[in-house]
Amino acid sequence: MAVQDVTRTLYSAQVISATDTSSASVESGRFTEATIYIKVTAKAGTSPTIDFDVQTSHDNSEWHKDSDVTQISDPTVSTAYLAPAVKVTACMGKYIRLNPTVGGSSSPSMTVTAKVVLKG
């Protein structure tokens with residue numbers, strides 16, 4: 001019997017203004033693929049950017065970079081910016097989360113909603 005796809009929230013309209021504001025972690029152990037969707041609905045500062053590392057863990061405590069998300073640079077958010085979806089299929093640990101690095105000047109931030117769809 002196949003495992004049903006599951007959607008979990010990593011960030012829910014959260015303002016991210018500092019590096020290492022990690023998302024919630026999601027248990028992904030029984031799944032073989034994760035697709036992450038990111039939506040930016042607001043931004044602040046001058047030329048804000050955000051990079052996300054996709055991190056996995058075997059124990060929800062010790063985290064390792066699995067892959068990364070293409071940098072989001074000063075998005076146009078009048079209709080909500082959607083980042084390209086990211087698929088994770090290799091080296092998935094039992095848990096998965098996002099860890100951001102924020103750039104720009106004049107107090108840069110972005111309001112982010114991120115979801116992960118687990119398959120397999």
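The legends below describe a predicted model, first as a whole chain and then in close-up views.

Residues are numbered from 1 along each chain as its sequence is written. In this predicted model, local features need pLDDT of at least 70 and side-chain atom pairs count only at pLDDT 80 or more, while totals for chains, interfaces and linings use all residues; side-chain values use heavy atoms, with hydrogens and water left out.

**Figure 1. Overview of the protein chain, with 0 helices and 7 strands.**
The order along the sequence is β-β-β-β-β-β-β. Helices (H or I, at least four residues) and strands (E, at least two) are DSSP runs, numbered from the N terminus. The chain is as compact as a globular protein of its length, because its radius of gyration is 14 Å, close to the 14 Å that the globule rule gives for 120 residues. The radius is taken over C-alpha atoms, and the rule is 2.2 Å times the number of residues to the power 0.38. The C-alpha trace spans about 50 × 30 × 20 Å along its principal axes. Accessible surface amounts to about 6,300 Å², with 46% of it belonging to carbon and sulfur atoms; accessible areas come from the Shrake-Rupley method with a 1.4 Å probe, and for residues only the protein chains shown count as cover. Of the 120 residues, 42% count as buried. Buried means under 20% relative accessible area, exposed over 50%, and partly exposed in between (1.4 Å probe, protein chains only). Among contacts with a separation of 6 or more, 83% are between residues 24 or more positions apart; a contact means heavy atoms within 4.5 Å.

**Figure 2. The largest nonpolar core, with 28 residues.**
A nonpolar core is a set of buried Ala, Val, Leu, Ile, Met, Phe, Trp, Tyr and Cys residues joined through side-chain atoms within 4.5 Å. The members that touch the most other members are I36, I38, F52, V54, I72, L98 and V112. At least two residues of this core come from each of β1, β3, β4 (63–73), β6 (86–88) and β7. Strand β7 gives the most, with 8 residues. One of the members, I72, touches I38, V40, P48, T49, I50, F52, Y81, A83 and M110, when residues up to four places away in sequence are not counted.

V54 counts as buried because its relative accessible area is 0%. Beyond residues up to four places away in sequence, V54 touches I36, the run H64, K65, D66, S67, D68 and V69, then V86 and V88, and finally I96, R97 and L98. V15 lies 39 residues from V54 in sequence and 18 Å from it in space, C-alpha to C-alpha.

**Figure 3. R97 in strand β7 (residues 95–119).**
R97 counts as buried because its relative accessible area is 17%. Its side chain is joined to that of Q55 by a polar contact of 2.7 Å. A polar contact is a pair of N or O atoms within 3.5 Å; within protein, one must be able to donate a hydrogen and the other to accept it, and residues adjacent in sequence count only if both atoms are side-chain atoms. Apart from neighbours within four places in sequence, R97 is in contact with L10, S22, S23, A24, S25, D53, V54, Q55 and W63.

**Figure 4. The aromatic pair of the structure, of which there is 1.**
Y11 and F52 form this pair, which is tilted, with 6.0 Å centre to centre and 50° between the planes. Distant parts of the chain are linked here: Y11 belongs to strand β1 (residues 6–16) and F52 to strand β3, 41 residues apart. Rings of Phe, Tyr and Trp (its six-membered ring) pair if their centres lie within 6.5 Å; planes under 30 degrees apart count as stacked, over 60 as edge-to-face and the rest as tilted. Both Y11 and F52 are buried.

**Figure 5. T113 in strand β7 and A13 in strand β1.**
The T113 side chain reaches the backbone nitrogen of A13 at 3.0 Å. Residues up to four places away in sequence aside, T113 touches Y11, S12, A13, Y37, I38 and K39. A13 is not a glycine, yet it has a positive phi of about 50°. A13 counts as partly exposed because its relative accessibility is 48%.

**Figure 6. N60 in the loop between β3 and β4.**
N60 also is not a glycine and has a positive phi, of about 65°. N60 counts as partly exposed, at 35% relative accessibility.
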